[in-house]
Amino acid sequence: MLTALLAALLSVLLAPAPASAASLQDVTGFGSNPGALKMYRYVPDRLPAGRPVVVALHGCTQNAAGYASGTGWTTLADRWGFSVVLPQQQSGNNLSQCFNWFESADMKRGQGEAASVAQMVDRQLADVSGDPSRVYVTGLSAGGGMTAVMMAAYPEKFAAGGIVAGLPYGCAQAAGTAYVCMFVGATQTPAQWGDRVRAARPGYTGPWPALTVFQGTADYTVRPANMTALVDQWTNVHGADRTADVSDTVAGHPHRVYHGPAGNAVVETYSLTGMGHGQPVDPGSGDAQCGAAGAYFLDVNLCAAYRLGKAWQLG
């Protein structure tokens, strides 16, 4: 008996200490950084090479750390094995910490905040030996607007994007017109919307990133008309029609999928019934649950990060 106890104690003492949980890292020197953004990232412990990368862009008044945990992206990164890049706005660029999706200097390829985010992607792929064919971008509100910017200006870098309460690319090109887009919605034909994307990357013929949109029906900060415009814009870019090929409900919320000419899903929408302005989350320990409820993180029994991760085959 004593021998067995001593053996058990010895095995505990000699066992390797458990690895500490990964934490958010502040990354500097990731490029010329013309948009003067900060770069944070989350890399799960012992992440193997060749894994996907998700770029997650916070909303106004938020920061990288709060968005990382509130959305559930870091939890899913640990569960499924991918890394997360978390750009952070600085008050010197925007007093409300909004990404400047509406400023011409920040929404064009090769300059401003768009170029800074692109440089973060390149740095992350190099540092973690990530899979360049499996890079995804998503964001809330102004982060959603910047997600559309990245999909349009750097389509070759992203396999897909997820826009949460965001806006179509090119809706506003100066701060004064941003509010028209947000509170009313701009009127353009699908072809006009598509032309704005095509003009962002002259000569590019594809493939274009697929798009998933989450929008609250009671959002009075970014009106639901913007989801309609996003569908018009990206179905046009993909050469798809605007008739949904799948119409069902997920967790009680209307869900639509639009297929491209090859039969693959190119645009997907979730219309969150009664939800205001924020990121859909579903706190809990269930397989499909993630995120934490709080300001602009709204518990609607559907976690946007989980739904995006499944659409992108992250897990």
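The model is predicted. Its largest nonpolar core has 58 residues, and another core, of 37 residues, lies apart from it. Helix α3 packs against helix α9 through a right-handed crossing, and the buried residues of α3 line one face of that helix. The backbone includes a cis peptide bond from G206 to P207 and positive phi values at T61 and Y296.

**Nonpolar cores**

- In the largest core, of 58 residues, the members that touch the most others are V55, W101, M150, Y154, F158, Y169 and W234.
- Helix α5, residues 142–153, supplies eight residues, the largest share of this core.
- A separate core of 37 residues includes L86, L140, Y270 and V281.
- V55 has contacts with V85, P87, V117, V121, Y136, V137, T138 and F158, once neighbours within four places in sequence are left aside. One of these partners, F158, is also listed among the core members with the most contacts to other members.
- As a general background, nonpolar side chains tend to be buried together in soluble globular proteins.

**Helix α3 and its packing**

- Helix α3 spans residues 73–80 and helix α9 spans residues 304–311; their axes come within 9 Å and cross at roughly 40°. The crossing of α3 and α9 is right-handed.
- On the α3 side, W73, L76, R79 and W80 make the contact, and on the α9 side A305, Y306, L308, G309 and K310 do.
- By class, the residues of this contact comprise six nonpolar, one polar and two charged.
- The buried residues of α3 are W73, T74, L76, A77 and W80. Viewed down the helix axis, they fall within an arc of 160°, so they line one face of α3.
- An α-helix has 3.6 residues a turn, so residues three or four places apart point the same way.
- The elements that cover the buried residues of α3 include the strands β2 (38–42), β3 (53–57), β4 (83–88) and β5 (135–140), together with the helices α2 (64–71) and α9.
- G81 follows α3 and has a positive phi, near 85°.

**Helix α7**

- P190, W193, G194, V197 and A200 are buried in α7. These residues cover an arc of only 115° around the axis, which puts them on the same side of α7.
- The cover over the buried residues of α7 includes α5 and α8 (225–238).

**Residues in strands**

- Leaving out neighbours within four places in sequence, S83 is in contact with Y42, V43, P44, L47, P52, V53, V54, Q124 and V128.
- D26 belongs to strand β1, residues 25–27, and is partly exposed, with a relative accessible area of 44%.
- D26 and Y40 lie 14 residues apart in sequence, while their C-alpha atoms are 4.6 Å apart. Not counting residues up to four places away in sequence, D26 touches K38, M39 and Y40.

**Loop residues and backbone geometry**

- T61 sits in the loop between β3 and α2 and counts as exposed, at 57% relative accessibility.
- T61 is not a glycine, yet its phi is positive, about 70°.
- Apart from neighbours within four places in sequence, T61 is in contact with S96, Q97 and Y296. Its C-alpha atom is 9.7 Å from that of S91, 30 residues away along the chain.
- Y296, one of the contacts of T61, likewise is not a glycine and has a positive phi of about 70°.
- The loop between β11 (279–281) and β12 (297–299) holds Y296, which counts as partly exposed at 39% relative accessibility.
- The peptide bond from G206 to P207 is cis, with omega near 5°. P207 is in the loop between α7 (190–200) and β7 (210–216).
- Most residues other than glycine have a negative phi, and most peptide bonds are trans.

Note on methods
Residues are numbered from 1 along each chain as its sequence is written. This is a predicted model: local features need pLDDT of at least 70, side-chain atom pairs count only at pLDDT 80 or more; totals for chains, interfaces and linings use all residues. Side-chain values use heavy atoms; hydrogens and water are left out. A nonpolar core is a set of buried Ala, Val, Leu, Ile, Met, Phe, Trp, Tyr and Cys residues joined through side-chain atoms within 4.5 Å. Buried means under 20% relative accessible area, exposed over 50%, partly exposed in between (1.4 Å probe, protein chains only). Helices (H or I, at least four residues) and strands (E, at least two) are DSSP runs, numbered from the N terminus. Contact means heavy atoms within 4.5 Å. Axes are lines fitted to C-alpha atoms, for helices over the stretch in contact, and angles run from 0 to 180 degrees between N-to-C directions. A crossing is left-handed if the near helix is turned anticlockwise from the far one by less than a right angle, and right-handed if clockwise. Ala, Val, Leu, Ile, Met, Phe, Trp, Tyr, Cys and Pro count as nonpolar, Asp, Glu, Lys and Arg as charged, and the others, Gly among them, as polar. The arc is that of the directions from the helix axis to the C-beta atoms.
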